[in-house]
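Q: Hi, could you walk me through this structure?
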Amino acid sequence: MGLGIDLNSLIFGYLAFAMVVSSVLAVFSKNPVHTVLLVLVMVVHQAFLLLTLGSEFLMAVQLIVYAGAVLVLFLFVVYLINLRKETKHSIFVKRFCLCSLVFLLFLGFMGVNLYLIYGAKKFEQAVLPFNPLEKDNLWWIAHYLFNYYLLPFEIIGVILLVAVLGAVFLVRKVKTTEEA
Amino acid sequence: MEDLWSNLFWFLAGTVILLIVSLLHVAYLTYAERKIIARMQQRLGPNRVGPRGLLQPIADMLKLLTKEDIIPAQVDKPVFYIAPFISLVCAGTGIALVPLWENFVISNINVGLLFILALSSLSAYGVILSGWASNSRYAFLGGLRASAQVISYEIAMSLALLSVVLMAGSLNLGDIVRAQINSPFKVYLIPQLIGFFVFIISAVAECNRTPFDLPEAETELVAGYFVEYSGMRFALFYLAEYFGMLVMSALAVTCFLGGWAGPFEVPYVPFFWFVVKVYALLFFYIWIRATLPRYRYDQLMDLGWKVLIPLGLINLFLTALIKLIF
């Protein structure tokens, strides 16, 4: 590139910054609908981060599943909350100092751990067992999912089926003898 | 470097031209709708502005642009401002992924079909958020209805499109059309008749058009989710609805009716067949609006969950079976 700036790191920087900012705002926002919207902003940026990593399939799935389905259902739930009462709560809990101390402790712990694991080593280019440019992204996902990880995939399918059946069982109408 | 800039230039030029052409289509779609419905109801329709009322959409646009932009006092302002734009962008972006003729598509990505599905699921946000932010009972009910409707019918639509993907073996819209041209029937309409049926009905429901226009049912909800909007913001919702129709028709043409291919080649007009098929589908949309009364809400849900989704699943199963045998 003749632009003098590394375009890739510029885009990554923007995406990472936007994700962090929207997540922090989502935590601090009082209005639950605004929180869901900020999480939506975060999810969309995450999808484009996946796109810059060259996995367009995961981007589309991220948009369909998280942005298109999960967050819409969140909005549904939020509609059932009493908003007027909810927005009057203080965003800070009573033992604020103690909580922030615990938070800082955890942060330090995490930093030390990360340093111990990654700090000493220099990052190396990951070596893949195949050439990713040979076929497109979708092909590789299907190839590995259905050839090497078929059993876990099917187990997940069965678990989801159980969840669906459970939901249907919970909402079914029980006919009592008086009604009939 | 030279290549990059010229590529970028052609990409931008193509985008701008496509945007202008589709916006004009959307504007004249409203005119066509009024004229056709008028003819079906033995009225004249718009005939004052310009010859045969041809300038009516432009007059409408000018009127809406110059109208006052009213913001009610108790609305959630940022959400209220942003909702119409979410609606329009999500409805309109899909057209960039549709191949208009051989080798002409603005954005040729491998997961084109999935991306269009993602956009159509995101367009639910515009409706839900405008309904909530308006702080009005009519708008809120409209928003709730719309979200339930869009989520339900999206499943049926995805199932119908999955059978097409299974037959074509690709998620790229251009490849789907090429696979159709090489298939024995030339179009997927014949082997995928059930899928086409499911897709068209779900597409009408996705666009909130009659007979599934419950989110904006005038007799019950005044105008539904955009009842508090005025001026240009109201017009954006209107544009989004008609843009949605255009994109859904283009998607149906690409996935079921053979895209740009036709019985014979028309010289110098490579998009001839594509446009003819899209116009036929748009006429179909308008036709059913003039013909059918509105569904009741429980009927709508029954149709979606008890008829279309099982039909879509059966179709997917049959397609997989046929693919396995042949």
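Q: What should I know about the model before we start?
A: This is a predicted model, where local features need pLDDT of at least 70, side-chain atom pairs count only at pLDDT 80 or more, and totals for chains, interfaces and linings use all residues. Residues are numbered from 1 along each chain as its sequence is written, while chains are lettered from A and ligands numbered from 1 in the order in which they are written.

Q: Thanks! At what angle do H7 and H9 of chain B pack?
A: Helix H7 (residues 193-206) and helix H9 (residues 231-256) of chain B pack at about 165°, their axes 10 Å apart. That makes H7(B) roughly antiparallel to H9(B) (over 145 degrees counts as such).

Q: And which residues meet there?
A: From H7(B), Phe196(B), Phe199(B), Ile200(B), Ala203(B) and Glu206(B) meet Met248(B), Ala252(B) and Phe256(B) of H9(B); contact requires C-beta atoms, placed from the backbone, within 7 Å. By class, seven of these residues are nonpolar, none polar and one charged.

Q: Switching topic: how many residues does each chain put into the contact between A and B?
A: Chain B gives 18 residues and chain A gives 17. On the chain B side, H4(B) gives the most, with nine residues. That side divides into 15 nonpolar, three polar and no charged residues.

Q: Last one: is H1 of chain A largely buried or in the open?
A: The number buried is one of the 22 residues of H1(A), so this helix lies largely in the open; buried here needs 20 or more other C-beta atoms within 10 Å of the residue's own.

Note on methods
Axes are lines fitted to C-alpha atoms, for helices over the stretch in contact, and angles run from 0 to 180 degrees between N-to-C directions. Helices (H or I, at least four residues) and strands (E, at least two) are DSSP runs, numbered from the N terminus. Angles under 35 degrees count as roughly parallel, over 145 as roughly antiparallel, 65 to 115 as roughly perpendicular and the rest as oblique. Two residues are in contact if their C-beta atoms, placed from the backbone, lie within 7 Å. Ala, Val, Leu, Ile, Met, Phe, Trp, Tyr, Cys and Pro count as nonpolar, Asp, Glu, Lys and Arg as charged, and the others, Gly among them, as polar. A residue is buried if 20 or more other C-beta atoms lie within 10 Å of its own, exposed if 12 or fewer, and partly exposed in between; C-beta atoms are placed from the backbone.
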